[in-house]
Amino acid sequence: MERIEKRNCPICDHYNNEILFRQEFVDIKEVTFLKGYEVVVCNNCGFLYADNIPGQKEFDLYYKNCSKYEVKADELTDSQISRFQASLNFIEECINNEEINFEEFRIADIGCATGDFLRFLKGKGYQDLNGIDPSPLCVKLMKDNHINAKQATINELEEHEKYDFIRLNAVLEHVVDLNYSITQLKKILNKGGYLYLSVPNVQGFKELVNCPFQEFSVEHINYFSKNSLSNLMRKHGFTLIDYQINHNKLYSWS
Ligand SMILES: [Zn+2]
């Protein structure tokens with residue numbers, strides 16, 4: 001049963017928005033949990049987001065039962081390897097990898113699907129690798145590939161778990177309550193640890209072939225620009241170390 005909720009701005013928490021567009025979805029039995037929503041802009045901070053959507057619990061059920069991120073590949077493809085290497089180069093430049101003890105540097109990849117990036121890191125010498133995903137099948141596939149894996153959403157992580165580096169690749173655009181989720185992340189990130197975020201850039205939507213309406217999907221409910229992501233992270237005490245448009249973003253918590 002779809003339960004629609006009015007949604008305060010997920011960044012500044014005000015409710016003062018302007019409707020830009022109404023998105024409608026085709027009703028597909030047993031998959032559809034969302035018939036549509038309003039794409040709105042926050043008049044207080046300028047953030048663009050989906051309003052009048054179900055709560056996080058209904059999204060969590062959808063990701064648990066209808067995940068589409070379970071494609072198993074025995075070997076990483078050439079295109080994955082080149083993408084992951086570019087990503088790792090960026091990360092290592094930011095975190096000064098000469099100081100990393102590869103045995104003790106704790107890495108978590110949250111919303112990692114089948115953990116392909118972790119498999120890549122394993123081949124590069126990193127050892128304490130932890131995959132976290134809401135899909136039970138993704139977790140099974142990671143374990144089959146000898147990756148330490150746990151079934152959980154971003155909001156179900158336990159405070160005693162601590163990591164030096166957390167990656168969220170294509171995750172924050174799916175989260176209903178961003179402030180709550182970032183607070184949860186801070187609990188499991190070691191002081192001085194690093195957070196790597198990658199999200200679709202709203203300012204690039206106009207360049208897409210299916211622009212811009214396909215970006216307003218059932219799963220994507222937050223539409224970040226560099227400024228809005230920075231507003232969110234600054235609010236929680238993070239310092240921007242470096243960013244790349246169309247590539248990566250890395251923050252440290254100090
Ligand atoms: Zn706002």
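In the predicted model, helix α2 (residues 78-95) packs against helix α3 (residues 116-123) at an angle of about 70°, and their axes lie 10 Å apart. Helices here are DSSP runs of H or I with at least four residues, strands are runs of E with at least two, and both are numbered from the N terminus. Axes are lines fitted to C-alpha atoms, for helices over the stretch in contact, with angles running from 0 to 180 degrees between N-to-C directions. The helices α2 and α3 are therefore roughly perpendicular (angles of 65 to 115 degrees; under 35 is roughly parallel, over 145 roughly antiparallel and the rest oblique). Contact, meaning heavy atoms within 4.5 Å, involves Gln80, Ile81, Phe84, Gln85, Ser87, Leu88 and Ile91 of α2 together with Asp116, Phe117, Phe120 and Leu121 of α3.

Helices α5 (residues 178-188) and α6 (residues 226-235) cross at roughly 50°, their axes coming within 10 Å; α5 and α6 are therefore oblique to each other. Leu178, Asn179 and Ile182 of α5 meet Leu232, Met233 and Lys235 of α6.

The zinc ion has as protein donors (N, O and S atoms within 2.8 Å of the metal, or 3.2 Å for Na, K and Ca) the SG atoms of Cys9, Cys12, Cys42 and Cys45, 2.3 Å from the ion. The site is tetrahedral, with angles of 102 to 117° among the four donor atoms (four donors qualify if all angles lie between 85 and 135 degrees). The donor residues follow the spacing C-x2-C-x29-C-x2-C.

Residues are numbered from 1 along each chain as its sequence is written. Local features require pLDDT of at least 70 and side-chain atom pairs pLDDT 80 or more, while totals for chains, interfaces and linings use all residues, and side-chain values use heavy atoms, without hydrogens and water.

Definitions and conventions. Tetrahedral: all angles 85-135°; square planar, octahedral: opposite > 155°, others 65-115°.
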